[in-house]
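This report concerns the salt bridges of one protein model. Please consult the sequence and the structure shown below while reading.

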Amino acid sequence: VDPNLTLPGWGEWGGEDPSLNARQKRRVEEAQEAQQKEIEELRKKRRDANLSRVIINEDEDTMPEVYKTGHIPFWCPKPEDFTAATVHPLAPQLNTETINAKQLAPRVTWRMGARIHPITPADLPPKPPQRTERRKLPKRGGGAGASRSQHSRGSGQRGTRSK
C-alpha cells in the first residue's frame with residue numbers, strides 16, 4: 001500500500017483505498033496540511049502577495065545568451081543610441097507604410113540630374129604596406145609519376161594505325 005496520496009489524481013480512478021489503516025490516513029492528512037502551509041508561506045513571500053489581480057513574474061531572464069549583445073557595436077557611441085536603434089523593427093508587417101518608408105530611406109539623397117563625381121585615388125584612405133611571400137612549388141622530377149603517365153597513354157599498341 002502506497003500511503004502517498006498527496007499527489008493530485010492519485011487514487012481517484014479506483015476510489016479510496018480501504019486497506020489504509022487509521023495511522024496511514026493520519027500521515028496522509030499531515031502531509032497534505034504541511035504542503036498547504038508551505039504553499040501559503042511561499043505565497044506570502046511573493047512581491048505580488050498584497051496586490052489583487054496582479055501577477056509579477058519572478059523568473060530569471062530566460063533569453064539565451066546567444067541572442068544577447070555582450071558589447072555595443074562600433075557604429076553606436078553610446079548604449080542609449082544602440083537601444084534607440086533596435087527598439088523599432090524594420091519589418092513592413094510591423095510598421096505603417098510611411099514609417100517603413102522613412103526607416104528604409106537612404107541617408108544621402110541627390111537631386112535628379114545632379115552630377116556625382118567619381119572617387120579618385122586621392123579620396124581613398126592609404127593602404128597599409130603588405131608583405132607577400134612567394135609560394136614554394138614542388139620540384140619537378142622524373143620519379144614514379146612520370147613513368148606511370150607514359151605507360152597510360154594510348155591503347156598500349158605501338159606502330160599500328162586505325163583506318
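Is E40 buried, partly exposed or exposed? E40 counts as partly exposed, at 37% relative accessibility; buried means under 20% relative accessible area, exposed over 50%, and partly exposed in between (1.4 Å probe, protein chains only).

## Basis of the report

The model is predicted: local features need pLDDT of at least 70, side-chain atom pairs count only at pLDDT 80 or more, and totals for chains, interfaces and linings use all residues. Residues are numbered from 1 along each chain as its sequence is written, and side-chain values use heavy atoms, with hydrogens and water left out.

A salt bridge is a side-chain nitrogen of Lys or Arg within 4 Å of a carboxyl oxygen of Asp or Glu. The count by this rule is 3 salt bridges.

## The pair in helix α1

E40 is joined to R43 by a salt bridge whose closest N and O atoms are 3.5 Å apart. Both belong to helix α1 (residues 22-45), and because they are 3 residues apart, about one helical turn separates them. Helices (H or I, at least four residues) and strands (E, at least two) are DSSP runs, numbered from the N terminus. R43 is exposed, at 52% relative accessible area.

## The remaining pairs

In the salt bridge between D48 and R46, the closest N and O atoms lie 2.9 Å apart. D48 is buried, at 9% relative accessible area, whereas R46 is partly exposed, at 31%.

R47 and E58 form a salt bridge through their side chains, at 3.7 Å from N to O. Both residues lie in the loop between α1 and α2 (79-87), so the pair ties together parts that are 11 residues apart in sequence. R47 counts as exposed, at 59% relative accessibility, and E58 as partly exposed, at 39%.
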